[in-house]
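Please examine the structure shown here together with its sequence. A short report accompanies them.

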Amino acid sequence: PIKLLNSYLINQKLPKVMIFKGPPGSGKTSTAYAVTKTLICEGTEGTFICGQCDACQTIDRVLYREGKGIPSMGVCTFDMGERRDEEYLQEIAQTIKSTSLLGKRRVILIDELQRTNIKSQDTLLVPLEYVPENTYVIIMTSNIKSIAEAIRSRSTEINFSYPEHSELLKKAQEVAKEEGIRISKEDLSNICTISENNPRKVMKILDTMKSSLEAGMEYLQDDTDKN
């Protein structure tokens, strides 16, 4: 999906409405954030990320770290896992229909739409049919079958999946090395297998190992100071 999205961005042909579909931990949200950052970046024309402008730094601080939207910059987030009532869907619909501020790009992120019933999703049909200029909608779901067919027909679906074992193992080795975690390739391979090649699970295990390592070092340091 990354190559496809890069191609869309470089050629300035990014679909107005996209559905990122795939299992939990397959990179849907992180990719949606990266696309958002590319579109909102003030130092580029929406084809890559400068990483230095106020928009990029604010997105890093608020969207990446806290998962929150930044309406003043045109970034709106909606999580159907936290709220799924009709009023919330109406709010999403109104947000999509509203025009962008001074012609700037807007990105609307809708997570876990599958948690609403298909009938309720009808609220979004007209807004998704007539998305305003410079507005992009990204829907993220782990269950595409629970998304209304009418919404799917208005969207470009992007498939996400877990990486191959060898690819994930290589990445896990890089992370372990960067974090100073001493672990054999065989043990890392076993972790990937046990985690069913789910990157999120693998990285969580490595993070736990790092935390345990840091706690052990602090304990040894405290013990040395006492002696």
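The report below treats a pocket and a helix in turn.

## Basis of the report

This is a predicted model, in which local features need pLDDT of at least 70 and side-chain atom pairs count only at pLDDT 80 or more, while totals for chains, interfaces and linings use all residues. Residues are numbered from 1 along each chain as its sequence is written, and side-chain values use heavy atoms, with hydrogens and water left out.

## The largest pocket

The largest pocket is lined by 22 residues, and Thr-29, Tyr-33, Asp-79, Asp-111 and Glu-112 lie nearest its centre. On a 1 Å grid over the protein atoms alone, a pocket is an open set of points where a 1.4 Å probe fits, with protein on both sides within 12 Å along at least five of seven lines; lining residues have an atom within 4 Å of a point.

Four lining residues come from α2, the largest share. At least two residues each are supplied by α2 (28-40), β2 (75-79), β3 (106-111), β4 (135-141) and α9 (199-226). Helices (H or I, at least four residues) and strands (E, at least two) are DSSP runs, numbered from the N terminus.

## Helix α3

Helix α3 comprises 13 residues, 54-66. At Asp-60 the helix α3 bends by about 30°, the bend being the angle between axes fitted to the seven residues ending there and the seven starting there. After α3 comes Gly-67, with a positive phi near 70°.

Notes: Expected span 1.5 Å × (residues − 1).
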